[in-house]
Amino acid sequence: MDRGKAKRATVRQLFKKLVTKIESTIELPINERFTKVNKVESLFDLKNQLIEKIDELKKLDNEIEAIIDLNDLEGELIASDEYRKNGISCRTKIERCILLLEKESNVIPRNETRNNNDSNIPEPLERRDENNVIKLPRLDISIFSGNCSEWLNFWNSFEVAIHKNDSLSKIEKIAYLKTYLRGTALAAVSGFALTDQNYDSSIALIKERFGRSDLVISCHMNKLLMIESVKSVSNVTALRKMYDELEIQVRSLESLGFIGIGSDRFKSKKGNTPFGFRNSRSV
């Protein structure tokens, strides 16, 4: 437990420094060298760092609370709650500042964040032209952390809402891209500055690293093979869950070119079976 507390103390210090940096960035004035676009990008990056620190602190708190002496639990919970409140307050300040900057720049407005795990989905879209304003319904875009099995869900929604949105510049698109990435996916593009060319390079990189058909198919096949069997036919809940999991993986495979029913379900459009599978019995 001492090791866990020592680690948490270090993370808390880093959290305080990050909060100070966020507050100073929010107060920075806009000028020729530090434009609104630069400030929005900086706040996006800081917001992602803040989310990671909040999650890391929450994980460490849970580990310590599970083994701490009951006499010390109350003080532990009070201290943890203070950091949680500070994190929420700081995150709200960032989102409010981003919202104001986007409105001033006629960028797609973002709604106040819905606290749904790690989801910071904007509230698209309001498309402007000279004659009218068209308010489109909100389209949720999943956060992508580098898990290839989540690639299709992420890319299909991002492509429609952002990538093919002609009302956005490429600089705005790369800023939005970074807000939907976490973990290894975010690390892959974190070095790209906000330029038109870097947006194209970022998309090409994440497609090559996470969106290649062979990687995505392999990931879905592995998930399919790892689905636990149901031992009792009377366990309707477990059967339904297994069926839903099977459907998710099978539909994803079909969208990648593996079609058919029964013994040929996992054959590709070219007639080949992936990974040496002869028929559905192999699955």
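**Notes on the helix packing**

1. Let's start with helix 4 (residues 151-163) and helix 5, whose axes come within 11 Å and cross at roughly 150°. Helix 4 is therefore roughly antiparallel to helix 5. (Angles over 145 degrees count as roughly antiparallel, under 35 as roughly parallel, 65 to 115 as roughly perpendicular and the rest as oblique.) Axes here are lines fitted to C-alpha atoms, for helices over the stretch in contact, with angles from 0 to 180 degrees between N-to-C directions. Helices are DSSP runs of H or I with at least four residues, strands are runs of E with at least two, and both are numbered from the N terminus.

2. A word on the model before going further: it is predicted, local features need pLDDT of at least 70, side-chain atom pairs count only at pLDDT 80 or more, and totals for chains, interfaces and linings use all residues. Residues are numbered from 1 along each chain as its sequence is written, and side-chain values use heavy atoms, with hydrogens and water left out.

3. (Right-handed means that the near helix is turned clockwise from the far one by less than a right angle; left-handed means anticlockwise.) Helix 4 brings Phe154, Phe158, Ile162 and His163 to the contact, and helix 5 brings Lys173, Tyr176 and Leu177. (Contact means heavy atoms within 4.5 Å.) By class, these are 5 nonpolar, 1 polar and 1 charged residues. (Ala, Val, Leu, Ile, Met, Phe, Trp, Tyr, Cys and Pro count as nonpolar, Asp, Glu, Lys and Arg as charged, and the others, Gly among them, as polar.)

4. Helix 5 (residues 170-179) also packs with helix 7 (residues 196-210): their axes come within 7 Å and cross at roughly 40°. That angle makes helix 5 oblique to helix 7, and the crossing is left-handed. On the helix 5 side, the contact includes Ile171, Ile174 and Leu177, which meet residues of helix 7 including Tyr199, Ile203 and Ile206. The residues of this contact divide into 6 nonpolar, 2 polar and 4 charged.

5. Ile203 deserves a look of its own. This helix 7 residue counts as buried because its relative accessibility is 6%. (Buried means under 20% relative accessible area, exposed over 50%, partly exposed in between, with a 1.4 Å probe and protein chains only.) Beyond its neighbours within four places in sequence, Ile203 contacts Trp155, Phe158, His163 and Leu177. His163 lies 40 residues away along the chain, yet its C-alpha atom is separated from that of Ile203 by 9.2 Å.
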